[in-house]
Amino acid sequence: MRQLLESTLARATRYLEDLQTRRVFPSAEAVADLTELGGALPEPPEPSEQVLERLDRFGSPATTATAGPRYFGFVTGGALPATLAANWMAGAWDQMSGLKVASPVAVALEQATIPWLLDVLGLGSRTAVGFVTGATMANFTGIAAARHAVLARHGWHVGKQGLFGAPEMRVVVGDEVHVSLLKALSLLGLGRDRVERVPVDAQGRMRVESMPRLDADTLVCIQAGNVNSGAFDPAQEICAAAREAGAWVHVDGAFGLWALASPQRAHLARGVADADSWAADAHKWLNVPYDSGLVFCRHPEHLMSAMSAQDAAYLITSADRDPTDLVPEMSRRARGIEIWAAMRSLGRSGLAELIERNCRQAARFAEGLEAAGYEILNEVELNQVMVSFGDGDITDAVTAGVQEDGTCWCGGTVWQGRSAMRISVSSWATTDADVERSLECIIRVADGLVGYP
């Protein structure tokens, strides 16, 4: 075992060191060589070192360098050194973190981390926190709590009675609602096509004046950080209206919720803390390894009613909170270990600096591209940049050209009918030098296709 783990350390270290010089997206040859990982199942056992060698030889070259400093796609953060080390330790511990009796250390690390998270985000010390796989499951869990609360007002226990014959429940979203939230609604039986949509402005923010009448049977889902523009729905006004009507507000804050941890950016999320539940990714701006998400709920009783399982004789529960009472999974890995490591290694000031640095770097991308003659389509207030290089075909060609070049990786999107390249800056590893190198690449590719000198 020691020899195998030492070999793994050497290979992983070499991989991370090579990220500075390798392509961000793998070559066609590396992708083609992935066939070497398939084939027929070996009849006799294969030595572990041989398995590792094959995995490294064919797997490592075919990875996308999301752990590196020049990946700007899908709002994907890297993994802080402390979180990667904690991830390895968590793998060695191999803890099942659903029950305290199964892993006292996993539960203790979650409980230690919860007040830190609530403090830096300003969500209130009594807010319940669950550790899930990502924002999709965090949205699912928060909305499940909302569904329980709304139907319970009618004397309907959805966990026991299901949705057959249940009272009607309304769901209000903005026209720029993210697909993960719609997926959560569909999984919960609330339907993605039954939502009431609110028109949005040029940045994707819900127009308060177009909000429908709210009541106690309404769930309002708002965004903290549009996945394209980075914009925030007007949470203060929406939460005030919802509170007066008795409606529940859920915030999809996959990456934007972390703006609350930055004194320079918190104003963008004004009023977000007045909601009832929130979803966030830790593998985005907190920069922990995949998969890791967080659900927050101001009303622990509704979250626990929605998530708690029926008693089973073999489950030894704790007198305190068991993590499984707050999330869908019973058996799950101890992902709280990495979140604990991130919060300890960054501290309050380090987390704020990371967020502000990425926002400043996004602004530099926008400034450089605009100076080169290209159109920025959004107000760059957070970490998202959308740029057009002309018509849709040219813009798509530039995006493909940048991806093929390999210096950096930026994704394509369509924003309010226009094709755009989307640049998402969310990694601890990105330096100002990486931004300048990537800018040079994007402008070089774009100038060559547009015909600029």
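On a 1 Å grid over the protein atoms alone, a cavity is a set of points where a 1.4 Å probe fits but cannot get out, and a pocket is an open set with protein on both sides within 12 Å along at least five of seven lines; lining residues have an atom within 4 Å of a point. Grid points are joined across faces, edges and corners, and a volume is the space filled by probe spheres set on the points. This is a predicted model, in which local features need pLDDT of at least 70 and side-chain atom pairs count only at pLDDT 80 or more, while totals for chains, interfaces and linings use all residues. Residues are numbered from 1 along each chain as its sequence is written, and side-chain values use heavy atoms, with hydrogens and water left out.

Searching the whole structure turns up one cavity of 30 Å³ or more. The largest cavity has a volume of about 30 Å³, and its lining consists of Gln203, Arg205, Ser229, Gly230, Ala231, Glu379, Glu381 and Leu382.

The largest pocket holds about 860 Å³ of space. Its lining comprises 32 residues, with Tyr15, Leu16, Ala67, Leu84 and Trp88 nearest the centre. Two or more lining residues come from each of α1 (2-18), α3 (48-59) and α4 (81-93); helices (H or I, at least four residues) and strands (E, at least two) are DSSP runs, numbered from the N terminus. The largest share, five residues, belongs to α1.

A nonpolar core is a set of buried Ala, Val, Leu, Ile, Met, Phe, Trp, Tyr and Cys residues joined through side-chain atoms within 4.5 Å, where buried means under 20% relative accessible area (1.4 Å probe, protein chains only). The largest such core has 53 residues, and Trp258, Val272, Leu286 and Phe296 touch the most other members. Among the elements giving two or more residues to this core are α5 (104-121), β1 (128-132) and α11 (336-371); α11 gives the most, eight residues. A second, separate core of 31 residues includes Met169, Leu188, Leu190 and Leu219.

Val414 stands opposite Ser419 in β11. Two residues lie between the strands of this hairpin, where Gln416 takes a positive phi near 45 degrees.

Notes:
Buried < 20%, exposed > 50% of the residue type's maximum accessible area, 1.4 Å probe, protein only. Pairing = 2+ DSSP bridges.
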